[in-house]
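Reader: I am new to this structure and would like to be walked through it. Could we take it one topic at a time?

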Amino acid sequence: MNLIPDIYVHKVEDIPYNKLKEEKVKALIFDLDNTLALLDEKDCPERVANLINELSKDFTCFIITNGTGKRALPYKNKLNIYVISKALKPFTKGLREIESKYHFKKSEMVMIGDQLMTDIKSGKRFGIKTILVDPLGKKDLKVTYINRFFENIKLKKYEKDGKFKKGEYYE
């Protein structure tokens, strides 16, 4: 499966949101850990609250995480957005739930995350636009270290084939 993201930027603040708006995107679906917040950030940081509040003027924002509801609850409460926890990405159950509950077309949805093997793979499997960002921090959950191992194998192949190189950003 091709896991090359449609857009690759350094961090969520660098995403070309105006371009997405022009493309009639309506749903921004964010991963939580190392995409919006560091693993250690138990409370929603102000920078995240400010970003989501600003984006909510033009988009419906969601968080979809493989983490627990307890981990996601402070973000759900502060941001007042729909959050899906224990999503089991790269499976697409959470994305299907958003699509059916909010009646979005796939062309109106974007999956945003820091991992090829979960976030990007989930979006690609579901058939929506994907945006890869660099992880905010180096600390990951133990299972994520395994995903990063396989991700690095995939990245080396993509780089060797001239298809994608981590650190070379594009829109």
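Author: We may begin with a term: a patch is made of residues with over 30% relative accessible area and no salt bridge, and nonpolar side chains are joined within 5 Å. Please note that this is a predicted model.

Reader: Which residues make the nonpolar surface patch?

Author: The patch is formed by Ile 146, Phe 149, Phe 150 and Ile 153, and its area is about 420 Å².

Reader: Where is Ile 153 found, and why does Ile 153 count as partly exposed?

Author: Ile 153 belongs to helix H6, residues 142–160. Its relative accessible area is 47%, and partly exposed lies between the buried limit of under 20% and the exposed limit of over 50%.

Reader: Let us turn to H3. Which of its residues are buried?

Author: In helix H3, residues 69–79, the buried ones are Arg 71, Ala 72, Tyr 75 and Leu 79. They lie on the same side of H3 because they cover an arc of only 75° around the axis. An α-helix has 3.6 residues a turn, so residues three or four places apart point the same way.

Reader: What covers the buried residues of H3, and what is on the other side?

Author: The cover includes helix H2 (46–55), strand E3 (60–64) and strand E4 (82–84). Lys 70 and Asn 77 are exposed on the other side of H3.

Reader: Which peptide bond is cis?

Author: The bond from Lys 89 to Pro 90 is cis, with omega near 25°. Pro 90 sits in the loop between E4 and helix H4 (93–102).

Definitions and conventions. Residues numbered from 1 in each chain as written. Predicted model: local features only at pLDDT ≥ 70, side-chain atom pairs only at ≥ 80, totals over all residues. Heavy atoms only, no water. Patch = residues over 30% accessible without salt bridge, like charges linked within 9 Å, V, L, I, M, F, W, Y side chains within 5 Å. Areas by Shrake-Rupley, 256 points an atom, 1.4 Å probe, with all protein chains shown as cover. Salt bridge = Lys/Arg side-chain N within 4 Å of Asp/Glu carboxyl O. Helix = DSSP H or I, 4+ residues; strand = E, 2+ residues; numbered from the N terminus. Buried < 20%, exposed > 50% of the residue type's maximum accessible area, 1.4 Å probe, protein only. Arc of directions from axis to C-beta. Contact = heavy atoms within 4.5 Å.
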